[in-house]
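Please look over the sequence and the structure before reading the notes.

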Amino acid sequence: MSTRIAFLKGHGTENDFVIVPDPENAVDLPPAAVAALCDRRAGIGGDGLLHVVRSAAHPEARGMAAEAEWFMDYRNGDGSIAEMCGNGVRVFARYLQRAGHVSAGDITVATRGGVKTVHIAKDGDITVGMGRALFPEGDVTVSVGGRDWPARNVNMGNPHAVAFVDDLAHAGDLFTPPSFSPPSAYPDGVNVEFVADRGPRHVAMRVHERGAGETRSCGTGACAVAVAAARRDGADPAVTGAPATYTVDVPGGTLVITERPDGEIEMTGPAVIVAEGAIEAEWLENALR
């Protein structure tokens, strides 16, 4: 291991990430190393880690290299692997722009959830094509503190349970995962969103992210919330032929989600790089002992 490893820190609506540029996939990042780096007291701190690798250099992304030069090897804050992270894609794109790998306009990013289209606007906001939502069959219930709510099962490349509540405080502290049933609905765990109305096509949410706890924002979660709210409100763009746009307030800011008549979902929001530096390899090695 080299004596120092470059890193950056960024966030999208305060969903924050450690960014490790590693074009040739030369840096070993086992789960324990990721967890140490994301530790908010002993490490750099983050809800997750964005490992920036050329698609051709990563065994999970080589098949996407013809469509996307860069692969977002995303890890949750506990070191576990996740399929997708919507806020992470925006921050990933902002890093690529900052590093001079891409410029404003349209780019593609490979993820475990497939190739995502990204538009970097000149005014600063970034729009990500998040794909289509799937609605797995079966009723789901989520529970916190003795309260139960029916939840909409939505898959955005990763699993979500969306529950509409009268008060976001009913979700509790969200440090521990809310209970859900039946257990077979989410064999690998689930992201749980609690949603309250704020106005016409305007909602607010809190989220427990699988592997991270409560976070200030969740991009795929905001998309799941928007489509769940649209269906609850009787809006299905595939039926009406008109796009459905929802404003989704998260603790860290605001995201705008649009579902098009073809089913594609677009998420627009900010992405900021706040710092860069170097990780001492000796510290990382000691953290793994």
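**Aromatic pairs, salt bridges and buried sites**

Phe-17 is buried, with a relative accessible area of 0%; buried means under 20% relative accessible area, exposed over 50%, and partly exposed in between (1.4 Å probe, protein chains only). The model is predicted, so local features need pLDDT of at least 70 and side-chain atom pairs count only at pLDDT 80 or more, while totals for chains, interfaces and linings use all residues. Residues are numbered from 1 along each chain as its sequence is written, and side-chain values use heavy atoms, with hydrogens and water left out.

**Aromatic rings**

- A search of the whole structure gives three aromatic pairs; rings of Phe, Tyr and Trp (its six-membered ring) pair if their centres lie within 6.5 Å, and planes under 30 degrees apart count as stacked, over 60 as edge-to-face and the rest as tilted.
- One of these is Phe-17 with Tyr-74, which is edge-to-face because the ring centres are 6.0 Å apart and the planes stand at 75°.
- This pair joins distant parts of the chain, with Phe-17 in strand E2 and Tyr-74 in strand E4, 57 residues apart; helices (H or I, at least four residues) and strands (E, at least two) are DSSP runs, numbered from the N terminus.
- Tyr-74 counts as buried, at 3% relative accessibility.
- Phe-180 and Tyr-186 make an edge-to-face aromatic pair, 5.2 Å centre to centre with 85° between the planes.
- Within that pair, Phe-180 is partly exposed at a relative accessible area of 24%, whereas Tyr-186 is buried at 5%.
- The charged end of Arg-232 sits over the ring of Phe-164, 4.4 Å from its centre; the criterion is NZ of Lys or CZ of Arg within 6 Å of the ring centre and within 35 degrees of the ring normal.

**Salt bridges**

- The whole structure holds 20 salt bridges, each defined as a side-chain nitrogen of Lys or Arg within 4 Å of a carboxyl oxygen of Asp or Glu.
- Glu-14 and Arg-216 meet through their side chains in a salt bridge of 2.8 Å, N to O.
- The two ends lie in distant parts of the chain, 202 residues apart: Glu-14 in the loop between strand E1 (4-12) and E2, and Arg-216 in the loop between strand E14 (213-215) and helix H3 (219-232).
- Glu-14 is partly exposed at 34% relative accessibility, and Arg-216 is partly exposed at 38%.
- Glu-83 forms a salt bridge with Arg-210, and the closest N and O atoms are 2.8 Å apart.
- That pair also links distant parts of the chain, 127 residues apart, with Glu-83 in the loop between E4 and helix H2 (86-98) and Arg-210 in the loop between strand E13 (202-209) and E14.
- Glu-83 is partly exposed at 28% relative accessibility, but Arg-210 is buried at 15%.
- Arg-260 and Asp-262 form a salt bridge with the closest N and O atoms 2.8 Å apart; Arg-260 is partly exposed at 30% relative accessible area, and Asp-262 is partly exposed at 37%.
- A network of salt bridges links Lys-9, Asp-16, Arg-40 and Asp-47.

**Asn-191**

- Asn-191 lies in strand E12 (residues 191-199) and is buried, with a relative accessible area of 3%.
- Its side chain reaches the backbone oxygen of Pro-159 at 2.9 Å; a polar contact is a pair of N or O atoms within 3.5 Å, where within protein one must be able to donate a hydrogen and the other to accept it, and residues adjacent in sequence count only if both atoms are side-chain atoms.
- A polar atom of the Asn-191 side chain also lies 2.9 Å from the backbone nitrogen of Arg-210.
- Leaving out residues up to four places away in sequence, Asn-191 touches Asn-158, Pro-159, His-160, Ala-161, His-208, Glu-209 and Arg-210, where contact means heavy atoms within 4.5 Å.

**Helix H1**

- In helix H1 (residues 31-38), the buried residues include Ala-33, Val-34, Ala-36, Leu-37 and Cys-38.
- The elements covering the buried residues of H1 include strands E2 (15-21), E3 (48-54), E4 (70-76) and E18 (272-280), and helix H5 (281-287).

**Pro-150**

- Pro-150 is in strand E9 (residues 147-155) and is exposed, with a relative accessible area of 66%.
- Pro-150 touches Val-140, Val-162 and Ala-163, not counting residues up to four places away in sequence.
- The C-alpha atoms of Pro-150 and Cys-218 are separated by 21 Å, and the two residues are 68 residues apart along the chain.
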